[in-house]
Amino acid sequence: MKIKRILSLALALIMCAVFFSAAAEAAPVTLSEIYDLAESVRMLALTGDPLNDPAHEDARSEAGYEFRYNFGSVYADRTEMTEETVINAFLLNGPELPVLRNTCVGMDVNALLKAIPSDNPDMNGSRETALLYLSGDAENGFEYGRVTRDGQRIGAIEYGIVRPADGIRNTVTYQISGDYVNSVFVEGLNEVFPAENAASLFDELDTLKGVTGYIRVPFSFTGTDLTPFEEADLDFPALNYLTAQPEQFGSNVESALVDNEDGTYFLRVDGEGFEAIFRCDSRGNDPVLITYSILGDNLEGPRCVRIGDSYTEDYYRFPSGEGAFDEASMSETLYGTPGTAPYGLAEFGADEIILRYITPVSGGNAVELYLRYVNTELAEIILHTLN
């Protein structure tokens with residue numbers, strides 16, 4: 001069986017089917033949806049006993065008394081769960097209960113973003129955050145969606161509704177890990193949100209509209225709908241591989257001229273989180289970058305690959321599904337024909353996976369992006385010129 005099919009089967013076991021109407025797709029999250037969800041959580045909580053003692057001091061928090069269940073936790077105003085109990089917040093970490101518009105724990109970010117609208121599908125913003133939508137105003141009330149992230153690693157997607165006149169701010173926050181929802185936290189159900197705080201929050205969100213420059217790399221489980229690794233990918237935030245020069249790395253680097261004793265010379269430049277090797281003459285002149293290695297997780301490479309990424313995070317940023325799996329070599333042709341650029345190849349070992357993406361570049365050469373994963377975590381990123 002092809003590795004891609006194995007991965008797809010594994011993903012299918014943890015993903016939820018999402019069905020929603022065109023009308024729901026066109027509208028932001030509403031208060032009624034949140035209140036309906038809260039009532040569903042209450043009814044579920046009433047059907048069973050909590051796994052903890054809500055009256056114990058360890059169960060007390062700022063959100064209220066915690067009732068712990070198999071599906072998550074409910075935070076309430078008292079230590080008994082009854083029809084009169086006021087729910088302040090709740091956390092869902094199991095797939096038993098559909099959340100908004102049949103979204104659920106275990107689903108992938110792509111499906112979540114299809115279920116709930118976004119005016120910013122590319123997540124164009126800063127490396128730390130991006131505004132998905134903002135409608136309304138600070139005086140009459142507003143709805144918003146925003147993402148918090150560490151580069152391509154999405155940490156949370158928050159959907160909020162604010163009604164200053166009623167002192168309301170309700171939020172639904174999808175906690176994300178590895179591009180999948182691992183929990184959903186709903187809060188603000190029984191809390192007064194001051195009007196001045198609403199105005200400040202609106203200004204903060206409105207400012208995000210003007211923050212651009214960092215986008216989410218296209219991601220697809222299909223694989224065949226993505227473009228091959230290409231020359232344009234070699235121009236990324238850290239540098240342009242084809243035009244980079246030693247002086248571009250600044251002064252906080254170490255440089256060494258290496259005599260290969262065969263009439264050729266290399267200039268090696270080492271800096272924080274990277275190593276660059278240039279082909280040059282005996283004096284270090286006319287340098288041409290031939291190898292660039294990313295050694296730390298502070299830098300992102302082509303398509304924002306980064307040390308510490310999971311294998312699946314990167315695999316679904318590049319094409320796949322066009323070639324065959326060779327059991328003898330434990331390798332899979334992802335696209336193209338190996339040996340003739342462009343092509344992609346995956347190689348599988350006992351505890352490591354190697355992804356190779358090769359593209360032709362201007363001048364007749366080819367450049368390879370080499371990604372090595374140890375126990376499915378990205379440990380090595382190398383760009384190098386093949387000929």
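**Salt bridges and the sheet**

Tutor: Let's begin with Glu-380 and Arg-372, whose side chains meet in a salt bridge with N and O 2.7 Å apart; the term stands for a side-chain nitrogen of Lys or Arg within 4 Å of a carboxyl oxygen of Asp or Glu. Before going further, note that this is a predicted model, where local features need pLDDT of at least 70 and side-chain atom pairs count only at pLDDT 80 or more, while totals for chains, interfaces and linings use all residues. Residues are numbered from 1 along each chain as its sequence is written, and side-chain values use heavy atoms, leaving out hydrogens and water.

Glu-380 is partly exposed, at 24% relative accessibility, and so is Arg-372, at 23%. Here buried means under 20% relative accessible area, exposed over 50%, and partly exposed in between, with a 1.4 Å probe and protein chains only.

The structure holds 22 salt bridges. One of them joins Asp-309 to Arg-153, with the closest N and O atoms 3.1 Å apart. This pair links distant parts of the chain: Asp-309 sits in the loop between strand S15 (288-294) and helix H6 (311-315), Arg-153 belongs to strand S7, and 156 residues separate the two. Helices (H or I, at least four residues) and strands (E, at least two) are DSSP runs numbered from the N terminus. Asp-309 is buried, at 1% relative accessible area, whereas Arg-153 is partly exposed, at 22%.

Now to Asp-233 and Arg-303, whose side chains form a salt bridge at 3.0 Å, N to O. Asp-233 lies in the loop between H5 and strand S10 (235-236), and Arg-303 in the loop between S15 and H6, so the pair ties together parts that are 70 residues apart in sequence. Asp-233 is buried, with a relative accessible area of 14%, and Arg-303 is buried as well, at 12%. Elsewhere, salt bridges link Arg-127, Asp-150, Glu-300 and Arg-306 in a network.

Arg-153 leads us into the sheet through strand S7. Nine strands form this open sheet, in the order S1-S2-S3-S4-S9-S8-S7-S6-S5, with antiparallel pairing. Strand S1 (60-61) and S5 stand at the edges with a single partner strand each, so one side of each is left without a neighbour in the sheet. Two strands count as paired if DSSP finds at least two bridges between them.

Strand S8 (residues 168-177) has seven of its ten residues buried. Strand S7 (residues 153-163) runs antiparallel to S8, and eight bridges join them; Glu-158, for example, has Thr-173 in S8 as its bridge partner. S7 and S8 make a hairpin with four residues between them, and Gly-167 in that turn has a positive phi of about 65 degrees. On to strand S9 (residues 180-187), which is antiparallel to S8 and joined to that strand by seven bridges. In S9, Val-181 stands opposite Ile-176. The hairpin of S8 and S9 leaves two residues between the strands, and Gly-178 in the turn has a positive phi of about 60 degrees.

Elsewhere in the sheet, strand S2 (residues 64-69) and strand S3 (residues 72-76) pair in the antiparallel sense over five bridges, with Ser-73 in S3 as the bridge partner of Arg-68. Helix H5 (residues 195-208) packs on the sheet and touches S5, strand S6 (141-150), S7 and S8, its direction making about 55 degrees with that of S6. Contact means heavy atoms within 4.5 Å, and axes are lines fitted to C-alpha atoms, for helices over the stretch in contact, with angles from 0 to 180 degrees between N-to-C directions.

Thr-129 is buried, at 16% relative accessibility. Leaving out residues up to four places away in sequence, Thr-129 touches Val-147, Thr-148, Arg-149 and Leu-208. The side chain of Thr-129 also reaches the backbone oxygen of Val-147 at 2.8 Å.

Lastly, the cysteines. The whole structure contains zero disulfides, meaning pairs of cysteine sulfur atoms within 2.5 Å. Cys-280 is buried, at 11% relative accessible area, and Cys-304 is buried too, at 12%.

Methods
A polar contact is a pair of N or O atoms within 3.5 Å; within protein, one must be able to donate a hydrogen and the other to accept it, and residues adjacent in sequence count only if both atoms are side-chain atoms.
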